Amino acid sequence: MEIKKVCVIGGGLMGRQIGLCAAIHGYDVTVYDKVPEVEEKVVAWENEYLAGRIAKGKMTQEQVDETKKRFAVNQDLKASASDADLIIEAIVEIYDAKASLFKELSAVIKPTAIVATNSSYMVSSLFKDCFTDPSRLLNCHFYNPALVMKFVEVVQGPHTDPACAEAVMDFCKKIGKAPIWMKKEISGFAANRLVGVLNAEARYLVQNGYLTPQEVDMACELGLGHPMGPFRLMDLTGVDLTYDLMRPAVEAGQPKPDCYDLIESMVKEGKLGRKSGHGFYDYE
């Protein structure tokens with residue numbers, strides 16, 4: 001199961017970073033996104049990032065030129081994915097959107113292709129019926145920012161061929177990551193389940209007036225030595241992502257999590273974190 005060609009679906013913050021990371025480490029990569037303006041944004045970002053690597057002495061001009069030859073952006077799903085050995089899905093954390101994509105993808109990929117979802121919570125078995133051969137489907141969850149963070153979770157579902165998980169583990173190591181192999185799937189996987197307990201307590205303290213979000217972050221960063229607190233991290237990953245993860249349970253009639261109303265109001269006001277310039281902190 002040698003992986004040579006990679007297709008990343010989704011040209012957003014995560015997808016473009018996963019794709020460029022693979023290209024830097026020698027893989028032929030196509031980032032697919034159906035939104036026309038995304039291609040221009042990804043190419044501009046790629047040029048800026050790689051120029052920065054040269055300026056910092058991290059890459060040579062020759063290495064950058066070779067990386068650019070291996071990195072492409074495309075708006076045609078079949079052209080992007082049909083000859084890929086590994087397809088990594090990195091679109092929005094909405095079940096219906098992923099399921100619709102996977103059904104479309106199943107019709108164009110080659111029989112030997114491995115499909116990995118980068119979902120941070122949803123296990124791959126939720127989507128096994130979208131494929132004629134679900135044995136080649138699994139989770140491969142990168143952490144943001146994917147170009148920097150080494151930790152990756154490879155999660156093998158009950159339907160997954162272990163050889164596929166092994167191949168993805170090998171791929172992750174070759175692009176400079178430090179992956180773990182979860183041989184049983186569980187929602188949220190490893191790190192998010194652990195941090196989820198911390199985040200729930202952080203929201204409880206804010207919801208009930210004990211601390212502000214910024215004070216909670218100070219406790220985590222200065223008291224516990226975390227690189228960033230839960231609210232600063234929420235700004236980094238996107239307040240809307242947190243909202244998308246919370247919303248389905250609430251819409252299904254479950255009790256609102258602490259700070260749900262606050263997070264919902266921030267999304268409606270466009271305060272999405274770093275990408276919008278405003279969140280729990282201001283970035284402009």
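Student: Which residues does Phe142 touch, not counting residues up to four places away in sequence?

Tutor: The model is predicted: local features need pLDDT of at least 70, side-chain atom pairs count only at pLDDT 80 or more, and totals for chains, interfaces and linings use all residues. Residues are numbered from 1 along each chain as its sequence is written, and side-chain values use heavy atoms, with hydrogens and water left out. Contact means heavy atoms within 4.5 Å. With residues up to four places away in sequence not counted, Phe142 touches Met14, Ile18, Ile88, Asn118, Phe151, Val152, Phe171, Cys172, Ile175 and Lys177.

Student: How many residues does the largest nonpolar core have?

Tutor: A nonpolar core is a set of buried Ala, Val, Leu, Ile, Met, Phe, Trp, Tyr and Cys residues joined through side-chain atoms within 4.5 Å. Buried means under 20% relative accessible area, exposed over 50%, and partly exposed in between, with a 1.4 Å probe and protein chains only. Val29, Phe142, Val154 and Phe171 have the most contacts inside the largest core, and its residue count is 39.

Student: Which helix gives the most to this core?

Tutor: Helices (H or I, at least four residues) and strands (E, at least two) are DSSP runs, numbered from the N terminus. The greatest share of the core, 7 residues, comes from residues 162–174, which are helix 6.

Student: How many residues are in the second, separate core?

Tutor: Among its members are Ala81, Leu101, Cys130 and Leu137. The count for this core is 19.

Student: In what sense do strand 6 and strand 7 pair?

Tutor: Two strands pair if DSSP finds at least two bridges between them. Strand 5 (residues 114–117) runs parallel to strand 6 with 3 bridges, and Thr117 has Asn139 as its bridge partner. On strand 7, Val154 stands opposite Cys140. Strands 6 and 7 are joined over 4 bridges, and the sense is antiparallel.

Student: How many disulfides does the structure hold?

Tutor: A disulfide is a pair of cysteine sulfur atoms within 2.5 Å. The sulfur of Cys172 has its closest cysteine sulfur in Cys140, 3.7 Å away and too far for a bond; for Cys21 the closest is in Cys172, at 9.3 Å, also too far. Cys21 is buried at 4% relative accessible area, and Cys172 is buried at 0%. The number of disulfides is 0.

Student: How many aromatic pairs does the count come to?

Tutor: Rings of Phe, Tyr and Trp (its six-membered ring) pair if their centres lie within 6.5 Å; planes under 30 degrees apart count as stacked, over 60 as edge-to-face and the rest as tilted. By this rule the count is 9.

Student: What kind of pair do the rings of Tyr27 and Phe171 make?

Tutor: Tyr27 lies in the loop between helix 1 and strand 2 (28–32) and Phe171 in helix 6, so the pair ties together parts 144 residues apart in sequence. Tyr27 is buried at 8% relative accessibility, and Phe171 is buried at 0%. The ring centres are 5.0 Å apart and the planes stand at 70°, so the pair is edge-to-face.

Student: What kind of aromatic pair do Tyr95 and Phe127 form?

Tutor: The centres are 5.1 Å apart with 20° between the planes, and the pair is stacked. Tyr95 lies in helix 5 (residues 95–106) and Phe127 in the loop between strand 5 and strand 6, so parts 32 residues apart in sequence are tied together. Tyr95 is partly exposed at 38%, while Phe127 is buried at 0%.

Student: How far does helix 7 reach from its first C-alpha to its last?

Tutor: The expected span of a helix is 1.5 Å times one less than its number of residues. Helix 7 (residues 191–207) has 17 residues, for which 24 Å is expected. Its buried residues are Asn192, Asn199, Ala202, Arg203 and Val206, and strand 6 and helix 8 (213–223) are among the elements they pack against. The reach of helix 7 is close to the expected value, at 24 Å.
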